[in-house]
Amino acid sequence: AFSGGKDSQVILDLVRRSGVEHTTRMSVTGIDPPELTLFVKRQYPGVTRLPPKKTMFQLIPEKLMPPTRVVRYCCDHLKERNGNTNECIVTGIRWAESARRSKRQMSEACHKGKGKRFVHPIIDWSEDEVWEYISTNNMPYCKLYDEGYKRIGCIGCPMSTAAAAAADLERYPRTKAAYLKAFGKMLEERQRRGKNCNGWPDAQAVMDWWLGNATIKRSDDTQSEMFCDN
């Protein structure tokens, strides 16, 4: 399972060196940073790039809410639906990345069934060890890391901080415009279904709330409650 990030690069290199038969797939989200997309196309042309069945901007009006830390439907639809029954999926996730990932096991069954299993061979590696491997093997990497990015994810990812998400949206104005358009359609769809719009007059108000610029923090569980309960 390839993403183009540093951890994913290391695990792909290890799998290739092992000689085990494998295929390499990347779930293209449609909201990946363009620098990452270009890097993967240039450096990893053999990776199979799988587009989503529905884009983020189609999902937002359909789900009647933006993705949040509590309800991350985006990962389910954009990243985690690829893979076939009874496959062993190798990833580059690491304990040091987050509190949630620190609870993962090196080998584990897919909780959604289908007979799939996950293996995370570098789960106990530190970030320094990842960079040491890349440096030792003279591996190219996405230039965003040299600009201060610690992790490279989707533009506007709800798991990032409000400040980081806002900075990304300013850096990529076309993606920001697409989010605003989707929020507008979301409000229209909520009205069409007779749902409460929580007092937001327009898409920009939703954007401000989503980024945590209003009275509600971006990581607050009430983000989901306000949408789902109305």
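1. Thr-24 is in contact with Phe-2, Leu-12, Val-47 and Thr-48, leaving aside its neighbours within four places in sequence. Contact here means heavy atoms within 4.5 Å. Thr-24 sits in the loop between helix 1 and strand 1 (25–27). Helices (H or I, at least four residues) and strands (E, at least two) are DSSP runs, numbered from the N terminus. Thr-24 has a relative accessible area of 13%, so it counts as buried. The cut-offs are under 20% relative accessible area for buried, over 50% for exposed, and in between for partly exposed (1.4 Å probe, protein chains only). The C-alpha atoms of Thr-24 and Met-139 are separated by 18 Å. Along the chain these two are 115 residues apart.

2. A word on the basis. This is a predicted model, in which local features need pLDDT of at least 70, side-chain atom pairs count only at pLDDT 80 or more, and totals for chains, interfaces and linings use all residues. Residues are numbered from 1 along each chain as its sequence is written, and side-chain values use heavy atoms, with hydrogens and water left out.

3. Helix 3 covers residues 56–63, and its buried residues are Met-56, Leu-59, Ile-60 and Pro-61. What do they pack against? The partners are helix 4 (73–78) and helix 7 (173–192). Just after helix 3 comes Leu-64, with a positive phi of about 65 degrees.

4. Salt bridges number 13 in the whole structure. The criterion is a side-chain nitrogen of Lys or Arg within 4 Å of a carboxyl oxygen of Asp or Glu. One of them links the side chains of Arg-17 and Asp-13, at 2.7 Å from N to O. Both residues belong to helix 1 (residues 6–18). They are 4 residues apart, about one turn of the helix. Arg-17 counts as exposed because its relative accessibility is 56%.

5. Lys-54 and Glu-62 also meet through their side chains in a salt bridge, 2.5 Å from N to O. Lys-54 is partly exposed at 36% relative accessibility. Glu-62 is partly exposed too, with a relative accessible area of 33%.

6. Arg-193 bridges to Glu-189. The closest N and O atoms of this salt bridge are 2.7 Å apart. Elsewhere, salt bridges with shared partners join Lys-6, Asp-7 and Arg-94 into one network.

7. Asp-124, Glu-127, Asp-128, Glu-129 and Glu-132 form a negative surface patch. Patch members have over 30% relative accessible area and no salt bridge; like charges are joined within 9 Å, and nonpolar side chains (Val, Leu, Ile, Met, Phe, Trp, Tyr) within 5 Å. Lys and Arg count as positive and Asp and Glu as negative; His and the chain ends are not counted. Asp-124 lies in the loop between strand 5 (117–119) and helix 5 (127–136). Its relative accessible area is 45%, so Asp-124 is partly exposed.

8. Ala-164 is placed in helix 6 (residues 162–171). Ala-164 is partly exposed, as its relative accessible area is 33%.

Technical notes:
Accessible areas come from the Shrake-Rupley method with a 1.4 Å probe; for residues, only the protein chains shown count as cover. The place of a charge is taken as NZ of Lys, CZ of Arg, CG of Asp or CD of Glu.
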